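Colleague: I would like to learn how to read the features of a model like this one. Could you take me through some of them?

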Amino acid sequence: MIRQPSERIPTVAYWALFAACGVVAIGSLAVGGIVALATYSSSVSSTLAAAAADGSGWARGILAAIPRSEPLGQVLLDYAFSTLNLIVAVVLSSVGGQSWVTRLLALGLVGSAGAFNLQADTAELTVQTATGQSIAGLHDALLHVVACGAYLLALLLFPAGRWEIGPSSVRRHHLVVITFGGIFGAIGLGTTLPPYAISSVLFFGLLVPVVGLLALPRRVRHGTTAEQRTQARLLFSVLAAAFCTFAVLCIVTLLLRHLNEPGLTVIDPTAELTRPFADVPVSAPLFWFSRLGSAAIAVALLIAARRNRLWTAERLFSRGLATTLVVVLAGGTFVVVRAVAVRLTDSQPGTAAVLATVLVALLFLPLYAHAERLVDRLLYGSRPTPYSVLADLTSRSHITSAETPDLAEVAEAIARGLGASSCRLTVIRPGMQDRTYAWVDGDVAGDIDEVVTVPIRAGGEPIGSVAVDRTALAGLHTQRRHLLEDIADSLGAILQLSRLEIELERQLRAAIAHAEEIAVSRRQAVSEMDSERRTIERNLHDGAQHHLVSLRMALGLVEHELACGQFDQARDRLGQLAIQIDTAETVLADTASGVSSILLSERGLVAALNAELSGAHPPVVVTSPDALSGVRFPSEVESAVYFCCLEAVNNARKHAPGAAVAVAIREMQSTLHFTVRDEGPGFTSQTDGAGSGPGPGGRGLRNVTARITAVGGKILIRSVPGVGTTIEGSVPLPRDARPSATVESIALPGVRTHLAEQSLLDRVRAVTREAQELYAGSAESGRLRAVQTQLHEPLQPGMTGVGDIRRAEAIKARSALRVLDAVVRSSPLGGDRSIRLRYRLEQVRSEAHELAEIDLLDELRSGTLPLTFDERQVAEELLGAAGTGPRTRFGLGANADIGEVRQAAGQQLARWQRRAAHPATTRAVRDAAEVLVRTCEEVLAQVDTSKLGDRLDR
């Protein structure tokens with residue numbers, strides 16, 4: 001990535017400062033090491049003395065600095081800590097990447113390695129004696145001001161790597177510049193004026209921990225991301241441990257110094273200079289702790305900056321903070337008690353040590369418990385007691401029948417009880433999408449910590465889950481690790497009640513929707529019945545009424561002629577009256593056939609037209625392709641085309657007597673076409689299709705148009721005077737519904753027929769016709785005739801999908817089969833006829849899986865099967881209670897593809913196969929499982945043969 005010039009300038013400036021600090025620090029350490037070597041090695045000092053006698057300025061400088069050397073033990077410790085700082089600085093520079101926090105910290109470590117090494121301070125006198133030039137200013141500016149300021153600035157920028165001052169503005173930038181300038185100035189004065197031992201103690205022992213402890217709490221609570229909040233807690237743990245250790249060491253040092261305990265003062269050669277506080281003795285434990293703390297804080301910051309395994313590091317650091325507090329306080333108590341016991345009782349040191357050990361042992365457990373609580377409060381704030389949330393949840397679970405638990409409030413109660421920043425409750429709903437209730441603390445900025453999820457069970461079955469951020473369970477208290485599981489156990493009843501409420505809401509919506517559908521169907525049925533009534537009234541008025549009126553008038557004339565003695569005229573009039581009665585009878589029969597046609601229901605469209613029109617004079621020719629012979633179409637389509645053709649033929653006979661009439665039927669591209677053509681005189685048409693002009697037969701042609709448009713068809717009437725009249729019509733057939741061939745075979749015992757090739761309704765119609773033939777002339781014939789009529793009635797108009805039509809046909813077939821069973825049981829036939837009919841009925845039932853599904857669905861709704869609530873719900877959806885499409889059966893969305901449907905069907909198939917094969921399953925449940933297994937197998941077969949996704953839900 002190419003960097004902009006504005007981005008390269010700070011980087012170049014940093015590396016320049018890093019190089020300068022490194023040269024000065026390492027150079028000072030090298031010169032100071034040579035001075036120490038000359039101090040404690042006589043051979044080296046003799047060699048340098050000889051070189052100084054020969055005029056070597058550097059030899060004179062080294063010899064001049066020997067009086068300011070540290071004791072040998074201090075030199076070794078000093079250089080050990082400086083080496084540690086340099087090693088940590090190299091590691092930070094190599095693995096810290098582009099982070100300014102690690103860069104600044106590396107710079108501070110390099111500078112502090114040379115700034116607070118008391119032996120390295122001899123380099124100033126050596127260089128000044130050898131060259132005559134003073135490097136004190138450069139030494140103080142680079143190693144004290146720049147390096148120490150960089151160390152402190154790294155803590156202020158951690159972990160985000162930027163100074164968070166809110167919205168940017170010129171005034172805020174000036175404030176930042178002034179603040180940092182003041183910090184660097186204060187650091188320069190504070191680390192260069194006093195002796196370096198005091199500066200080290202004040203800077204690393206006091207200033208660095210205090211500044212970090214003041215700056216980090218806000219980032220622990222309101223960090224931008226969960227990762228940054230965890231990193232801030234890690235560094236806060238180390239700084240808190242450092243500050244507590246420093247405070248205890250200060251107290252112990254002051255007390256021991258008051259008791260005149262020896263060996264607590266560090267030798268600081270820089271205190272010999274004219275400096276403020278030069279006469280103040282420096283505690284050796286404090287000085288070496290500050291030197292160790294500079295590297296330890298840097299190592300902790302390096303670990304916190306690594307993003308992997310932050311939660312593991314946080315547990316270790318928090319445990320380490322508690323352990324440090326206990327060890328420091330216990331150790332300080334031991335030292336103080338031992339010293340006081342020796343001073344006040346004049347006892348031996350061994351006896352005083354035993355007394356101090358006993359006291360520390362007695363205080364250890366209470367001290368550790370208090371340390372755990374203190375660390376938990378420092379890192380995670382004030383949190384409720386772990387199990388207080390359980391009492392709240394228990395109170396919420398005791399609700400009345402008029403109340404229901406608000407799971408959103410439950411989620412908030414769990415979060416607040418645990419001190420979590422987020423809580424999510426999920427309710428599992430079989431066959432539907434899961435419902436989630438979430439609560440998030442608005443005061444927490446950025447993303448939420450990594451969550452911990454625990455399943456919620458009821459009766460061993462998972463019904464939901466509860467998830468909270470991991471911080472809510474973090475801490476040193478062991479009971480928090482099991483608290484979420486206890487909460488999940490207590491939520492089982494609440495979530496189960498919520499699931500029941502959701503299910504009741506769904507069933508209520510389904511019932512309301514079903515009621516609306518019933519209302520619409522009733523309105524449509526009433527409208528259709530009213531239309532049929534008006535049609536019958538119209539046919540009676542236009543057809544039979546004037547014949548009956550004519551008959552009444554003829555009877556009046558006969559009565560008049562008989563009264564006048566005109567017997568011959570009356571006899572002739574009676575002959576005419578018989579002809580008029582025959583005509584009226586024919587008209588009434590035609591009117592009745594317009595309401596329903598048994599011939600059409602039994603034989604189909606083409607065969608019924610041939611049978612109806614073949615005996616006409618002159619005969620009417622009906623033509624159709626051989627492929628349509630015996631083919632059945634939807635009953636409403638057949639009825640509309642059949643009566644339209646008869647109406648058109650009757651109009652032709654009325655207005656063109658003796659003219660040839662031809663009827664043609666054909667099926668093309670899922671559309672049924674029919675044509676009625678006559679060679680009569682024709683008429684002048686004033687419209688293109690209504691046929692309602694003033695020409696002959698205007699009312700009859702309007703009837704044709706009304707019938708054909710009722711089923712979504714179109715009609716076209718063309719008539720030319722002297723040529724004839726042609727009526728052409730077309731009716732669209734339902735998509736994916738091919739005409740089915742009628743099978744007129746009779747099943748005998750032991751002979752298997754091909755009923756499976758027919759639809760269920762056609763098979764029931766065939767059995768009903770056979771029963772009509774067997775019970776012809778008996779008391780049951782009227783009952784069977786009513787069943788046959790019901791089977792040929794059109795389905796409800798609201799059913800458009802193939803699946804809905806099939807389910808409606810199955811319900812109609814089931815009702816008819818029940819009547820047939822009742823007839824066979826109440827009026828058994830003698831001989832093999834009854835056996836044959838019963839065989840046919842049983843064969844239809846065994847081969848119709850739709851009937852088994854409907855029977856099982858009724859049994860499930862009655863609640864007699866010993867199934868669980870979830871099993872009953874899944875079984876009802878699988879049987880088509882909410883819809884018969886494959887997607888709906890498995891509770892999938894409308895966009896589910898074939899693969900998802902196949903996977904869901906396979907899962908349900910395996911589930912019900914296991915249920916059927918289980919040894920503890922009852923016979924009733926096993927039979928129900930076998931029906932569901934067959935349903936899944938049929939859906940899989942349908943999916944495997946489906947090529948278009950939109951066919952799945954048909």
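Colleague: Which strands does helix α21 lie across, and at what angle does it run to β10?

Modeller: Helices (H or I, at least four residues) and strands (E, at least two) are DSSP runs, numbered from the N terminus. Contact means heavy atoms within 4.5 Å, and axes are lines fitted to C-alpha atoms, for helices over the stretch in contact, with angles running from 0 to 180 degrees between N-to-C directions. Here helix α21 (residues 635–655) lies across β9, β10 and β12, at about 10 degrees to β10. Helix α20 (residues 605–613) lies across β7, β9 (661–668) and β10, and its angle to β9 is about 175 degrees.

Colleague: Before we go on, what kind of model is this, and which atoms count?

Modeller: It is a predicted model, in which local features need pLDDT of at least 70 and side-chain atom pairs count only at pLDDT 80 or more, while totals for chains, interfaces and linings use all residues. Residues are numbered from 1 along each chain as its sequence is written, and side-chain values use heavy atoms, with hydrogens and water left out.

Colleague: What is the strand order in the sheet of five strands?

Modeller: Two strands pair if DSSP finds at least two bridges between them. This open sheet runs β7-β9-β10-β12-β11, with mixed pairing. Its edge strands, β7 (621–623) and β11 (714–720), each pair on one side only. From one strand to the next, the twist averages 10 degrees. Inside the sheet, β10 and strand β12 (residues 724–732) are antiparallel over eight bridges, and D678 stands opposite T725 in β12.

Colleague: And why is one side of β4 and of β5 left without a neighbour in the sheet of four strands?

Modeller: That open sheet has the order β4-β3-β6-β5 and antiparallel pairing. β4 (435–440) and β5 (451–458) are at its edges with a single partner strand each, so one side of each has no neighbour in the sheet. The twist here averages 15 degrees from one strand to the next. Strand β3 (residues 422–427) pairs with β4 in the antiparallel sense over six bridges, and T426 has T436 in β4 as its bridge partner. Helix α15 (residues 407–418) lies across β3, β4 and β6 (461–469), at about 140 degrees to β3.

Colleague: How many aromatic pairs are there in the whole structure?

Modeller: A pair of aromatic rings is described by the distance of the centres and the angle of the planes. Rings of Phe, Tyr and Trp (its six-membered ring) pair if their centres lie within 6.5 Å; planes under 30 degrees apart are stacked, over 60 edge-to-face and the rest tilted. The search finds seven pairs. One of them, W15 with F18, is edge-to-face, at 5.6 Å centre to centre and 75 degrees between the planes. Both residues lie in helix α1 (residues 5–40), three residues apart, about one turn of the helix. Ring pairs also link Y14, W15, F18 and W100 into a cluster.

Colleague: Where do you see a charge over a ring?

Modeller: The test is NZ of Lys or CZ of Arg within 6 Å of the ring centre and within 35 degrees of the ring normal. R103 lies over the face of W100, 4.8 Å from the ring centre.

Colleague: Where is confidence lowest and where is it highest?

Modeller: pLDDT is the predictor's confidence in each residue, from 0 to 100. The mean is lowest in strand β13 (residues 740–741), at 46, and highest in strand β10 (residues 671–678), at 91. Where pLDDT is low, the predicted coordinates should not be read in detail.
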